[in-house]
Amino acid sequence: MTTIRQRRVGKGTEAAEDQPAEETNVKPDGKIPPDAPGGKLWNILSITVGGIVAISLGFLTSVYVATLHENDLWFSNIKEVEREISFRTECGLYYSYYKQMIQAASIQQGLHGLVYDNKTESVRTINILERMNVYQEVFLSILYRILPIQQYLEPVYFYIYTLFGLQAVYVIALYVTSWLLSGTWLSGLLAACWYITNRVDTTRVEFTIPLRENWALPFFAVQIAAITYLLRTHLQPAQERLTLMAVFIATFLFSLTWQFNQFMMLIQALALFILDCLDMLPTAKVTWLYIIQISGLLLVCFLQFFNSMILGSLLISFNVSVLIARTIQKNLKKGGFLNRLGKLILHVLLVLCLTLLINKFIKKILNLESDEHIFKFLKAKFGFGATRDFDANLYLCEEAFGLLPLNTFSRLSSTLLFYIYGFVLFLLTVAAVIVAFRNLSTVFFSSISGSSQVHLKEKMEEYTVTLKPDAAYSLVHTVLFGCLALSTMRMKYLWTSHMCVFASFGLCSTEVWKLILKCLHLYTSQRTQVIKYSIPIITLLYISFKFWPGIMDELSELREFYDPDTVELMNWIKSNTPNTAVFAGSMQLLAGVKLCTGRTLTNHPHYEDKNLRERTKQIYQIYAKRSPSDVHGILRSFGTDYVILEDSICYERRHSRGCRLRDLLDVANGHIMDGLGENEPDLKPSLYPRFCEEIKKNLPSYTMHFTRVFQNKTFHVYKLAKHK
């Protein structure tokens, strides 16, 4: 297993908002309007300073994570094979295609090798560009080949520096989103600082560099920033068109770089749908966003050789259903409260039914089963019946797909982020409920006459100010992605980064503090401005004094990559097996085998293919209770020449009973699990001992099929006999 050991070392300014011009030179709250003398200069100065701060923070963040990566592994000093092993599991698989493109005789030959790949899955030729989201590796490899940098920069550094550079884009996008929401770049500064100080919960780029989400999330943040700007009022037509273009480009890049893009954008589409139904967003802009999502996904589908999983996505079915339902129900936003509520319920049911029908129809036509494991996992996770499905249980037993641990909130609270986030979330949720009720209650107001109606409208108008369309979208976005993060820990990075934006926006928002002070009968314009700037500054000072020493200690801590057993295995494979040899083993290890040795694999960690999932379950019989002849026959059916057994899997202790890989295989095969504990009544004892344990005894029934050719403390490699 890969480990890290200690290295042995020798010796307040505001941005202009799109507000209507005032006739006087001073607004009622004491601000200088943009068109007043000095107003434009002040706004230009504010935007310039805020922009410089944003770029500086982005650059510092990328340097910070790059330094952590170097200090953790001593990346500049270790061997090439050790660098490649450090790209664990699926990260190594993705990076292998970058390496393959770099080493190809020409760009054309490299692309041909990806389109007609016969080394990733033995006895099969697959199209890597269709199956996986690796266009970023293709683009980077081409860029590296055509730029005159080969003499100065190794390919691996060009790759990782690009990913660390995207972290700068990520932080700048979060900064800009918070700035747009609050109107002051101080909010962006606070969001960026929270992102950095909560790094453990906001990113994992420094130790999972090639992971798809590290490519995609910066573009998702850019898309959210563009949507936030699009939802502002009083945009000029040219501004709106440019913003829509920015949204489309960011959506396209996000979709191109991550296979789970459709599920993230489905949540985003649900947020838009909820707000549109409650009349809290302009319908025309929401329609454009639906169309952008569909067109971006279809363009990616085209580039991925008409990937059927994209065509059968719930996102396309949902967005099309919304557009159809809106055409059918043209008077959705007219009428009294009960009338509108009834129409709204009917609209939701219509969209839901249309979505299911369209999606079922598409999947039936395309015979699509690539994503069925995700729905099996969700069904089992949320208690809609127990399952013995191997793939679903494989996900259920992984900590990353479990509930968000409670210690996450204690870490987020230590920087005050979670406390402030909770406060702002509560306040804006109350405001959203009031605004939604008001939007649905047009007749309710007409039934009230005289001063009561005027007073009620004025009271509710106070809440309208605190929930502009961009703030409303940010609220529903953070609630929905928060639910996703709470249910699935791996998705917390989508929530925690936006949590930084949302909390900083609330702390620096004039409207939020104005509402609070009015409720406390303490409102004055001057007091609002003082609180708006003083509390964020105090928070920044607290964060700096508390966490700066820890960050400096972290940057000074030097470690070293140390995994001698895996290095020995990879070197042995390269030196003692033919280039055409086919290897079987665990998905995680085989990704490293492909990257480090270039040998052919039987299976790999990119799990979004039904045939591959079935193949992996068959390969994993090496850890089940099966006869040696059965295992040999299975492995040879996939062209296997060598099989790698790992003690860490065969004698696994990381998971509890019932979640160990061998337990999942036993249950799927109908066998009783090892160890003390209950078993389901219909499970029966196996006729054979566990293969990975018994093969080490060198019994004749095993040696006639398998010959051990390599072993160390972690791995055992067996060569398969080629019987006729």
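Guide: Start with the rule for rings. Rings of Phe, Tyr and Trp, with the six-membered ring taken for Trp, form a pair if their centres lie within 6.5 Å. Planes under 30 degrees apart count as stacked, those over 60 as edge-to-face, and the rest as tilted. By this rule there are 33 aromatic pairs. One of them joins Tyr175 and Trp179: the ring centres are 6.0 Å apart and the planes stand at 85 degrees, so this pair is edge-to-face. Keep in mind that the model is predicted.

Stay with that pair a moment. Tyr175 and Trp179 both belong to helix H7, which covers residues 155-182. They are 4 residues apart there, so about one helical turn separates them. Tyr175 has a relative accessible area of 1% and is buried. Trp179 comes to 10%, which also counts as buried, because the cut-off is under 20%.

Now a second pair. Phe302 and Phe306 have ring centres 5.8 Å apart, with planes at 85 degrees, so they too meet edge-to-face. Phe306 is exposed, at 55% relative accessible area.

Rings also gather in a group. Ring pairs connect Phe75, Phe87, Tyr95, Tyr98, Tyr157, Tyr159, Tyr161 and Trp215 into a cluster.

The charged end of Arg212 sits over the Tyr94 ring, 3.9 Å from its centre. Lys518 places its charged end over the ring of Tyr523, at 5.3 Å from the centre.

Next, the cysteines. The structure has 2 disulfides. In one, Cys397 is joined to Cys659, with 2.1 Å from S to S. This link is left-handed, with -75 degrees about the S-S bond. Cys397 lies in the loop between helices H18 (390-396) and H19 (407-414), and Cys659 in the loop between helices H31 (647-650) and H32 (661-668), so the bond ties together parts that are 262 residues apart in sequence. Cys397 is buried, at 12% relative accessibility. Cys659 is partly exposed, at 23%.

Another disulfide joins Cys650 and Cys692, whose sulfur atoms are 2.0 Å apart. This one is right-handed, with 80 degrees about the S-S bond. It links distant parts of the chain: Cys650 is in helix H31 and Cys692 in helix H33 (residues 691-694), 42 residues apart. Cys650 and Cys692 are both buried. Count the bonded cysteines along the chain, and the pattern reads 1-3, 2-4.

Cys500 is in no disulfide. The nearest cysteine sulfur belongs to Cys193, 10 Å away. Cys500 counts as buried, with 0% relative accessibility. Cys301 is buried as well, at 2%.

Finish at helix H28, residues 587-597. Of its 11 residues, 10 are buried, so the rest of the structure largely encloses this helix. The buried residues are Met587, Leu589, Leu590, Ala591, Gly592, Val593, Lys594, Leu595, Cys596 and Thr597. Gly598 follows H28, and its phi is positive, near 75 degrees.

Definitions and conventions. Residues numbered from 1 in each chain as written. Predicted model: local features only at pLDDT ≥ 70, side-chain atom pairs only at ≥ 80, totals over all residues. Heavy atoms only, no water. Buried < 20%, exposed > 50% of the residue type's maximum accessible area, 1.4 Å probe, protein only. Helix = DSSP H or I, 4+ residues; strand = E, 2+ residues; numbered from the N terminus. Disulfide = S-S within 2.5 Å. Lys NZ or Arg CZ within 6 Å of the ring centre and 35° of its normal.
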